[in-house]
Amino acid sequence: MEGSSLARLIEKGGVYVGIEGTDPEEIFADLAKKLVLPDTFDRDLVVKELMDRENVLSTAVGSGLAVPHPKRPVVKSREDERIIVCYLNRKISMSAPDGRPVSVFFILLSSSQVSHLKSLSLLAKLFRDESFKKIIETKPLKAQLVAFLDRLSL
């Protein structure tokens, strides 16, 4: 399980600060310019798949968080799976269940439905944790967020 823990997935995906946009499409476009991805990733396909999913139903989950993810796997192997954390420059409305605007994206890129569901389950557990709710407000960078997740064994 350690290989697919949230901490390891975020280590691979990274944390991006100051992402610009007034809606998910603009945010994904801005992020695509800044993302550091392996050569095996098709940047345009990732953005297209994220938007295709967002157009079906908002990925906002409440508490200012969203989990954008493609409807189908866009990475070829478990080694390429990742979670990309994005702190938005401005909060955006995404029809969250609690009505709060979104300020943080946890973009999930998986290679299979099984790993996708496992990661979503771990994220749901994390998002309910009170200490996480406090730390995410401080916009921790990658090292701090990964260390926090390691302490929670996530």
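This note sets out numbered points on the predicted model shown above.

1. Basis of the note. The structure is a predicted model, in which local features need pLDDT of at least 70 and side-chain atom pairs count only at pLDDT 80 or more, while totals for chains, interfaces and linings use all residues. Residues are numbered from 1 along each chain as its sequence is written, and side-chain values use heavy atoms, with hydrogens and water left out.

2. The sheet. Five strands form an open sheet in the order β1-β4-β5-β3-β2, with mixed pairing. Strands are DSSP runs of E of at least two residues, helices are runs of H or I of at least four residues, and both are numbered from the N terminus. Two strands pair if DSSP finds at least two bridges between them. The edge strands are β1 and β2 (60–62), each of which pairs on one side only.

3. Strand β4 and its partners. Strand β1 (residues 15–19) runs parallel to β4, and four bridges join the two. In this pairing, I19 stands opposite L88 of β4. On β5 (residues 102–109), β4 has an antiparallel partner, with seven bridges between them. Here C86 has F105 of β5 as its bridge partner, and I84 stands opposite I107 of β5.

4. Burial of β4. Why can strand β4 be called largely enclosed by the rest of the structure? Eight of the 11 residues of β4 (residues 82–92) are buried, so the strand is largely enclosed. Buried means under 20% relative accessible area, exposed means over 50%, and partly exposed lies in between, using a 1.4 Å probe and protein chains only.

5. Helix α2. The buried residues of α2 (residues 24–34) are P24, I27, F28, D30, L31 and A32. The buried residues of α2 pack against β1, α3 (43–56), β4 and β5. At the N-terminal end, D23 caps α2, with a side-chain oxygen 3.1 Å from the backbone nitrogen of E25. Such a polar contact is a pair of N or O atoms within 3.5 Å; within protein, one must be able to donate a hydrogen and the other to accept it, and residues adjacent in sequence count only if both atoms are side-chain atoms.

6. Helices α2 and α3. These helices pack at an angle of about 160 degrees, and their axes are 10 Å apart. The two are therefore roughly antiparallel. Angles under 35 degrees count as roughly parallel, over 145 as roughly antiparallel, 65 to 115 as roughly perpendicular and the rest as oblique. Axes are lines fitted to C-alpha atoms, for helices over the stretch in contact, and angles run from 0 to 180 degrees between N-to-C directions. The crossing of α2 and α3 is right-handed; a crossing is right-handed if the near helix is turned clockwise from the far one by less than a right angle, and left-handed if anticlockwise. P24, E25, F28 and A32 in α2 meet R43, V47, L50, M51 and E54 in α3, where contact means heavy atoms within 4.5 Å.

7. Helices α1 and α6. The axes of α1 (residues 6–13) and α6 (residues 142–151) cross at roughly 165 degrees and come within 8 Å. This pair is therefore also roughly antiparallel, and its crossing is left-handed. On the α1 side, L6, A7, R8, I10 and E11 make the contact, and on the α6 side K142, L145, V146, L149 and D150.

8. Residue S119. Apart from residues up to four places away in sequence, S119 touches L6, L9 and L108.

9. Loop residues. S95, in the loop between β4 and β5, has a phi near 55 degrees, a positive value in a residue other than glycine. S95 is exposed, at a relative accessible area of 65%. K139, in the loop between α5 (130–136) and α6, likewise has a positive phi, near 50 degrees, and is partly exposed at 39%. S112 is in the loop between β5 and α4 and is partly exposed, at 27%. Although S112 and E81 are 31 residues apart in sequence, their C-alpha atoms are 9.3 Å apart in space. Leaving aside neighbours within four places in sequence, S112 is in contact with P73 and E81.
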